[in-house]
Amino acid sequence: MQTVTVRRVIAAPIAEVFDWCATSAHYTASRYVLRARLARPGAGAPYGVGAVRLHTWLIGWYRERITAYHRPHGFDYAVDRCVPPARHGLGRMAFEERADGTLVTWTTTFQARLPFGATLSRVAAPAVARVFTGILDRADAALAPGRRS
């Protein structure tokens, strides 16, 4: 299994950063995400436990299910289906309040289900990290002081 972790401080309050990141429709602001929609709302919140999110990225298609939701500190998700096929072990976004804003830690663990899966996963890891970074770049821009609504 390959683990990718991306960390970023966003200069905004923790609740605003959590809400932006939990609402995966925002991910299309990144050039790496072509489509993102909520296929089924979750319990207690649209993107809460049980929510199903569908994402089309430049690097694949993903059907994710929210498995834990602790606003504003974090949420976990499982990738139930994806193309290219992969085994998914963990998806988590964690949020920590800091003096300079909110530290976001985004982690995923996966392995391609193709011949030479471990090798392909190592090759894919930088692309996954770049997508995560691109999404967090857009969150930072959207939540920057003076840009918030």
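Start with the aromatic rings: a search of the whole structure finds nine aromatic pairs, where rings of Phe, Tyr and Trp (its six-membered ring) pair if their centres lie within 6.5 Å, with planes under 30 degrees apart counted as stacked, over 60 as edge-to-face and the rest as tilted. Select Trp-57 and Phe-132, an edge-to-face pair at 6.0 Å centre to centre with 85 degrees between the planes. Because Trp-57 lies in strand β3 (residues 52-57) and Phe-132 in helix α2 (residues 117-143), the pair ties together parts that are 75 residues apart in sequence; helices (H or I, at least four residues) and strands (E, at least two) are DSSP runs, numbered from the N terminus. Trp-57 is buried at a relative accessible area of 7%, and Phe-132 is buried at 2%, buried meaning under 20% relative accessible area, exposed over 50% and partly exposed in between (1.4 Å probe, protein chains only).

The model is predicted, so local features need pLDDT of at least 70 and side-chain atom pairs count only at pLDDT 80 or more, while totals for chains, interfaces and linings use all residues. Residues are numbered from 1 along each chain as its sequence is written, and side-chain values use heavy atoms, with hydrogens and water left out.

Then move to Thr-109 in strand β7 (residues 101-112), which is buried with a relative accessible area of 12%. Show contacts (heavy atoms within 4.5 Å): leaving aside residues up to four places away in sequence, Thr-109 touches Met-1, Gln-2, Thr-3, Arg-87, His-88, Gly-89 and Leu-90.
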